[in-house]
Structure formats: C-alpha cells, structure tokens
Amino acid sequence: MALDVQKLADDLAGKMKPILGQRWDEVQQYAKEEAAKLAAVLAKIELEKVRGLITEQQANILFDMQKNASTAVIAAVHGIGDMAAAQAFNVALAELKDPINKALGFELL
Amino acid sequence: MVRGNLGWRVALFGVAAAVVLAACPPPKYDPKLEVAAADWQTQIGAFITDTEGKAGTPDGEYATETNKKFYEDMQNKIGGQIATTKAAGGSARAVEIMELLSKDVENLRKLHEAGGKAGLTTEVGEPARAAIETEIRAMNKLQSELRSGNDNG
C-alpha cells in the first residue's frame, strides 16, 4: 500500500504542533518543511524496499539520518533545543507508527 | 535567629547566582567552526562520490583499511571540534548539531558496512549525503545567526 506523502506530512506537522506548544508560531514553517521531507523519505524508502534496492536495516538507518537532519534544522533555525525538536518528531512518529508500518509492509518505526 | 541567618544565606546565594549568571558570556561566533564545517562537507561529499563509484568492487567494500580509516578520521575531527567548542564556552546548540552530525557519520559507516560486497550504493549513499549536508547547512545557519548576534543559546 503506497504512502500518501501529503497526508503523512500534514499529519506529522499536526502531531508536532501541540508538542511544540507556544513555539509553534515561530517554528511552523520549518516544522512543516521538515515533516514534508520526512514523509518524502518514507515514501522513497518504501519504493526502494519494494524494488529490493535496500534492506530493512538500511531503511532504518536512512530514516534515522533524516530524523537527525530534521532535528538539526529545527534546533538551529529557531532557538529551540535539540531535545525539544527531537521529542516533537519522535512523539509525532510514534503516534503515526501503525499506519506507517502497515503501508511500508515492515516495522520501520 | 537561626531562621534569620537562613534567610540571609538564601538571599546572598540568590545574589551570587544572579552575578554568576550575568557574568556568563553569550555563545560566541567561531569562524573556525565555519571553516571546519566546510571542510567536513567537502571531505564527506568527496568520500561518498568516490565510494559510490567503487560500489561492487573490492575497493568499495567497507572492510578496506582506507575506508575504515576515513570514518575514524572524521569522528576524530568532529569529536575534537566538539571538545574545543565546549572548552571555549561556544554555542551549546552548535555542539548539539555536531553531535547529530557525528551520529550520522556513524550511520553512514553502518550503511557502508551493511552493504557488504556491494559497498555504498547510490540508493543509500545519496539520501545519506542529503541528510549530512542538511546538518552542515543547519550548522552554517546557526553560525550566521551567531555572527549577527541572534542566537538564544
């Protein structure tokens, strides 16, 4: 089942909003951009896994790298700490774990 | 009387803490960090390009001494810069980003190792490159904020 990238990006950003709380207004542009990048990477991972170009282990590592990169962007651009940015991504992803894993066909999250 | 002494001590402690906090300088812009980040981007980018070109050949396998040494050297460079920045009272956020970069150099190593005889293919090398370049751009953005005096920590 193919991932709906736009919906996933919107869902991720929507889950991050309450976690970032009062900081949302200042970081929303970057949070939305990074949520879109994460969703795009998930879709690419799905495609390459289906084609047999990458293994589950490689998929996990690549996804971890994108999460780190998105965390660095949000931490750098708007004065929120690395931990807060990472927590926002992790909580948002944890809440969307089941539909993402189901779409991918293996446990990425 | 005892209670009175305690009150004074608490008040004095508060004043002392305020003086210490006020004396803490804001994080400094460090031009060496910008140079280091540019070097890392060049070195990691060149390594990924070169290794992708050797994918599927013995020289492209993780197990070669040259490849293993690259990862060790990069970790030493990033780790050294983290220690230097911390010792100089530099930006805590710069340290956090360098720690994320260090994690992703390790992730790149794992991807390379997991590739076995195929080595680092473009399918894994390119998204890895994109993630690392994003972190270095984040570092550059932070440095530019520090240069203009807008960093918050």
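Biologist: Against which helices do the buried residues of helix 3 of chain B pack?

Modeller: In this predicted model, the buried residues of helix 3 of chain B include Phe70(B) and Met74(B). Asn67(B), Gln81(B) and Thr85(B) are buried in this helix as well. The buried residues of the helix pack against helix 2 (31-53) and helix 4 (92-114) of chain B.

Biologist: How far apart are the end C-alpha atoms of helix 3 of chain B?

Modeller: Helix 3 of chain B covers residues 65-87, which is 23 residues. At 1.5 Å a residue, the helix should therefore span 33 Å. The distance between its end C-alpha atoms agrees with this, at 32 Å.

Biologist: Which residue with a positive phi follows helix 3 of chain B?

Modeller: The helix ends at residue 87. The residue in question follows the helix and has a phi near 70 degrees. That residue is Gly89(B).

Biologist: Which residues of chain B are in contact with Leu62(A)?

Modeller: Neighbours within four places in sequence are left aside here. Within chain A, Leu62(A) is in contact with Val41(A) and Ile45(A). In chain B, its contacts are Val124(B), Pro127(B) and Ala128(B).

Biologist: How many residues does helix 3 of chain A give to the side of chain A that touches chain B?

Modeller: In total, 23 residues of chain A are in contact with 23 residues of chain B. Helix 2 (24-50) and helix 3 of chain A each supply at least two residues of that side of chain A. Helix 3 gives the most, with 15 residues.

Notes: Residues are numbered from 1 along each chain as its sequence is written. Chains are lettered from A and ligands numbered from 1 in the order in which they are written. This is a predicted model: local features need pLDDT of at least 70, side-chain atom pairs count only at pLDDT 80 or more; totals for chains, interfaces and linings use all residues. Two residues are in contact if their C-beta atoms, placed from the backbone, lie within 7 Å. Helices (H or I, at least four residues) and strands (E, at least two) are DSSP runs, numbered from the N terminus. The expected span of a helix is 1.5 Å times one less than its number of residues. A residue is buried if 20 or more other C-beta atoms lie within 10 Å of its own, exposed if 12 or fewer, and partly exposed in between; C-beta atoms are placed from the backbone.
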